[in-house]
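Okay, thanks for making time, everyone. I'd like to walk you through a structure, so let me put it up on the screen.

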Amino acid sequence: MQKTALVTGGNRGIGREICRQLAQQDLTVLLGSRDLAAGEDVAAALREETGGDVRAVQLDVSSAADSERLRDEIAAEFGRLDVLVNNAGILIDRGARLRDVDVDDFAQTMAVNVFAPLRLIQTFLPLLEASGHGRIVNVSSKMGQLDGLDQPTTAYRFSKVNLNYLTRVLATQIDGSLVKINAMSPGWVRTDMGGSGADRSVAEGADTAVWLATLPDDGPHGGFFHDRQPIPW
Ligand code: NAP
């Protein structure tokens, strides 16, 4: 049976590339975009390029109403969800130190990068368990590694530290034989967030997320990966 994947922030950057690579592997891809029209344009381009089944779905990850509506639609159409990729993220405090970061920016960063993935996991976990082979991929960053404590861009780092922590804790609370949850770092990637000077392509950045999204049943659970290798938290 064809597997179904939901990718948040699928309309551009690394998320778009994750959608493309999953479509190439014959998964049905639900391309999440908070701007549905933008998502539909990208989905059409990816259908054309891959010949796969890519469908745009409206999803602002900060909206509980969006998540619940989408869960009901996916339950009605598929009865399960095989893959959830929490890719959508923001970086709005570049260069800021904790002593002077805008607290509202901090809260917004946490809302999108941490609380939204948590809500999506809570909302979709029953459908992922119904898959019997569910996979959750949290797109994190090496900027969330604990050895970066002296570095600026504090709110973003703090959010990725917390996304990693969330991954580890949930791995202890989710039955890994039914649903595997892992975090990954794409590296520094040429996107709107990473900028044109980054050293990696979106294809390189997306690869490990796609690998984790399509893990076999004996694959890892509760890990943090870069280029398909475990890395320190
Ligand atoms: P990007 O080019 O800035 O794209 C961000 C994506 O997230 C867009 O699709 C954006 O949608 C979406 N998004 C943001 N807020 C959202 C919301 N509230 N609801 C739904 N979608 C939302 O970023 P990227 O470089 O592809 O990054 C993707 C992920 O990789 C992020 O989690 C980021 O932290 C991580 N990462 C990136 C790098 C890098 O070097 N690029 C390095 C390490 C980790 P809109 O188009 O609607 O804004």
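Predicted model: local features only at pLDDT ≥ 70, side-chain atom pairs only at ≥ 80, totals over all residues.

I'll go through the nonpolar cores and then the ligand site.

As a general rule for soluble globular proteins, nonpolar side chains tend to end up buried together. Here the largest nonpolar core has 32 residues. If you want to find it on the screen, look for Leu6, Ile74, Leu81, Ile121, Phe124, Ile136 and Ile174, which have the most contacts inside it. Who supplies it? At least two residues each come from helix H3 (64-78), helix H4 (103-131), helix H5 (154-173) and strand E6 (179-184). H4 gives the most, with 11 residues.

Let's zoom in on Ile136. What does Ile136 touch, once we skip its neighbours within four places in sequence? There's Leu84, Asn86, Ile121, Leu125, Leu128 and Ile174, and then Val179, Lys180, Ile181 and Asn182.

There's also a second, separate core, this one with 28 residues, and Leu22, Val42, Leu46 and Val210 are among them.

Now the ligand. How many residues surround the ligand? The count is 28, and the closest are Asn11, Arg12, Arg34, Tyr156 and Thr191. Take Arg34: one of its polar side-chain atoms sits 2.7 Å from a ligand oxygen atom. A backbone N or O atom of Val61 is 3.0 Å from a nitrogen atom of the ligand, and for Gly187 a backbone N or O atom lies 3.5 Å from a ligand oxygen atom.

And how much of the ligand does the protein bury? On its own the ligand exposes 890 Å², and the protein buries 93% of that.

Note on methods: Residues numbered from 1 in each chain as written. Heavy atoms only, no water. Core = buried A, V, L, I, M, F, W, Y, C linked by side-chain atoms within 4.5 Å. Buried < 20%, exposed > 50% of the residue type's maximum accessible area, 1.4 Å probe, protein only. Helix = DSSP H or I, 4+ residues; strand = E, 2+ residues; numbered from the N terminus. Contact = heavy atoms within 4.5 Å. Near = heavy atom within 4 Å. Polar contact = N/O pair within 3.5 Å; in protein donor to acceptor, adjacent residues only side chain to side chain. Areas by Shrake-Rupley, 256 points an atom, 1.4 Å probe, with all protein chains shown as cover.
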